[in-house]
Amino acid sequence: MDHSRISLRPFKASDADDFLKWGGDDRVTRYLRWNSITSKEEALAYIEKVAIPHPWRQSICVDDCSIGYVSVKPESGDYRCKAHVSYALAAEYWGQGIVAEALRRAIPIVFKKFPEVKRLEALVEEENKGSQRVLHKVGFVMGGVLRKYAFCKGDIKDFLIFSFLATAHD
């Protein structure tokens with residue numbers, strides 16, 4: 001894929017049909033905290049109530065069609081020096097370097113927009129090898145295994161924690 005076709009932009013209500021295509025795919029939502037979207041109304045509600053008001057959630061687009069997202073959520077209080085990163089991508093675009101490219105573009109923007117953030121963190125289920133490869137490719141460092149860390153889709157899972165420091169970006 002020609003990476004010049006990829007863009008990041010805020011979600012808009014008109015993304016509902018595209019979002020339903022990939023947000024309704026169990027392969028895409030397997031490792032996400034939310035279940036697959038099942039209707040256009042549900043897709044629109046998610047965009048309006050979750051994606052648009054989010055501190056920094058951008059649609060990953062190819063030719064301005066939404067095919068996924070990158071999300072960065074800064075912490076608060078004593079933890080305001082870090083932010084949590086998450087992402088998802090339509091299955092037909094897997095393995096083309098799109099999420100890695102989206103993260104490479106997002107990282108400098110996020111550090112500039114949230115100057116107190118010095119550390120980006122990503123939690124990845126131990127079995128999600130594709131996501132681990134993406135993070136390594138972008139320069140995230142695996143910090144350890146968090147055993148029996150959290151429930152996902154009803155099962156308690158082990159997670160790997162990855163980090164990317166602002167100093168790595170300079």
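User: How does α4 pass α5, in a left-handed or a right-handed crossing?
Analyst: The crossing of α4 past α5 is right-handed (near helix turned clockwise from the far one by less than a right angle; anticlockwise is left-handed). This is a predicted model, with local features needing pLDDT of at least 70 and side-chain atom pairs pLDDT 80 or more, while totals for chains, interfaces and linings use all residues. Residues are numbered from 1 along each chain as its sequence is written, and side-chain values use heavy atoms, without hydrogens and water.

User: Which residues of α4 and α5 make the contact?
Analyst: On the α4 side, V99, A100, L103, R104 and I107 make the contact, and on the α5 side V134, L135, K137 and V138 (contact: heavy atoms within 4.5 Å). By class, 7 are nonpolar, none polar and 2 charged (nonpolar: Ala, Val, Leu, Ile, Met, Phe, Trp, Tyr, Cys, Pro; charged: Asp, Glu, Lys, Arg; polar: the others, Gly among them).

User: At what angle do the axes of α4 and α5 cross?
Analyst: Roughly 45°, and the two axes come within 9 Å (lines fitted to C-alpha atoms over the stretch in contact, angles from 0 to 180 degrees between N-to-C directions). α4 is therefore oblique to α5 (under 35 degrees is roughly parallel, over 145 roughly antiparallel, 65 to 115 roughly perpendicular, the rest oblique).

User: And what about α1 and α3, at what angle do they pack?
Analyst: Helix α1 (residues 16-23) packs on helix α3 (residues 40-51) at about 105°, with the axes 9 Å apart. So α1 is roughly perpendicular to α3. A16, D17, F19 and L20 of α1 meet K40, A43, L44, Y46 and I47 of α3. That contact has 7 nonpolar, no polar and 2 charged residues.

User: Changing topic. What volume does the largest pocket have?
Analyst: About 1100 Å³ (the space filled by probe spheres set on grid points joined across faces, edges and corners). Of its 41 lining residues, the closest to the centre are L32, Y87, A88, N128 and S131. On a 1 Å grid over the protein atoms alone, a pocket is an open set with protein on both sides within 12 Å along at least five of seven lines, a cavity is where a 1.4 Å probe fits but cannot get out, and lining residues have an atom within 4 Å of a point.

User: Where does the largest share of that lining come from?
Analyst: From β4, with 6 residues (strands are DSSP E runs of at least two residues, helices H or I runs of at least four, numbered from the N terminus). The pocket lining divides into 23 nonpolar, 10 polar and 8 charged residues.
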